Amino acid sequence: MTIPSELSVEFPESWDTIEQLMLFDVAFCDLASAYQEINRRIYRIESLEEPAGPDVLADLKRHRSLLKDEIAAAVAASRRAVA
């Protein structure tokens, strides 16, 4: 089963870079792990496996969006550093 919005789904063209960053950059690994944890919680709430109110869900989605922006910026910076 594929969980919507997983990093591999959101960044398919950057997945190799993300995997490398997760292996060699502790801060990026923490960032990616936080994204995955929040994303999976959102999935559990939306699939009614975990109860939560609409405010909690909205806050989680905002946080996921901010993390996604940070991940995209880190991937772009990594690509610029290699080029």
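**Helix 2 and its neighbours**

I will start with a contact. In helix 2, T17, I18 and L21 meet A74, V75, S78 and R79 of helix 4. Sorted by type, the residues of this contact are four nonpolar, two polar and one charged. Please keep in mind that what you are looking at is a predicted model.

Now the geometry. Two packed helices are described by the angle between their axes and the distance between those axes. Helix 2 covers residues 15-24 and helix 4 covers residues 54-82. Their axes come within 10 Å and cross at roughly 90°. Helix 2 and helix 4 are therefore roughly perpendicular to each other.

Before going on, a word on the whole protein. How many helices and how many strands does the protein have? The count is four helices and zero strands. Read from the N terminus, the order of elements is α-α-α-α. The C-alpha trace spans about 45 × 25 × 20 Å along its principal axes. The protein has 83 residues, and 30% of them are buried. Of the contacts with a separation of 6 or more, 66% are between residues 24 or more positions apart.

Back to helix 2, which has another partner. Helix 3, residues 26-46, packs with helix 2 at an angle of about 115°. The axes of these two helices are 6 Å apart, and their crossing is left-handed. On the helix 2 side, the contact is made by I18, L21, M22 and F24. On the helix 3 side, V26, F28, C29 and A32 make the contact. What types of residue are in the contact of helix 2 with helix 3? Eight are nonpolar, with no polar and no charged residues.

Which residues of helix 2 are buried? They are T17, I18 and L21. Seen down the axis of helix 2, the buried residues fall within an arc of 100°, so they line one face of the helix. As background, an α-helix has 3.6 residues a turn, so residues three or four places apart point the same way. The buried residues of helix 2 pack against helix 3 and helix 4. On the face turned away from the buried side, helix 2 carries the exposed residues D16 and L23.

Next, a residue in helix 3, namely Y35. Is Y35 buried or exposed? Its relative accessibility is 1%, and a residue is called buried under 20%, so Y35 counts as buried. What does Y35 touch, leaving aside neighbours within four places in sequence? Y35 is in contact with S5, E6, L7 and E10, and also with R64, L67, K68 and I71. For a sense of distance, take Y35 and A52, which are 17 residues apart in sequence. From C-alpha to C-alpha, these two residues are 18 Å apart in space.

E6 lies in the segment before helix 1, which is residues 7-10. E6 has a relative accessible area of 9%, so E6 is buried too. Not counting residues up to four places away in sequence, E6 touches Y35, Q36, N39 and R40.

To recap, helix 2 has its buried residues packed against helix 3 and helix 4. The exposed residues D16 and L23 are on the face turned away from that buried side.

Notes: Residues are numbered from 1 along each chain as its sequence is written. This is a predicted model: local features need pLDDT of at least 70, side-chain atom pairs count only at pLDDT 80 or more; totals for chains, interfaces and linings use all residues. Side-chain values use heavy atoms; hydrogens and water are left out. Axes are lines fitted to C-alpha atoms, for helices over the stretch in contact, and angles run from 0 to 180 degrees between N-to-C directions. Angles under 35 degrees count as roughly parallel, over 145 as roughly antiparallel, 65 to 115 as roughly perpendicular and the rest as oblique. Contact means heavy atoms within 4.5 Å. Ala, Val, Leu, Ile, Met, Phe, Trp, Tyr, Cys and Pro count as nonpolar, Asp, Glu, Lys and Arg as charged, and the others, Gly among them, as polar. A crossing is left-handed if the near helix is turned anticlockwise from the far one by less than a right angle, and right-handed if clockwise. Buried means under 20% relative accessible area, exposed over 50%, partly exposed in between (1.4 Å probe, protein chains only). The arc is that of the directions from the helix axis to the C-beta atoms.
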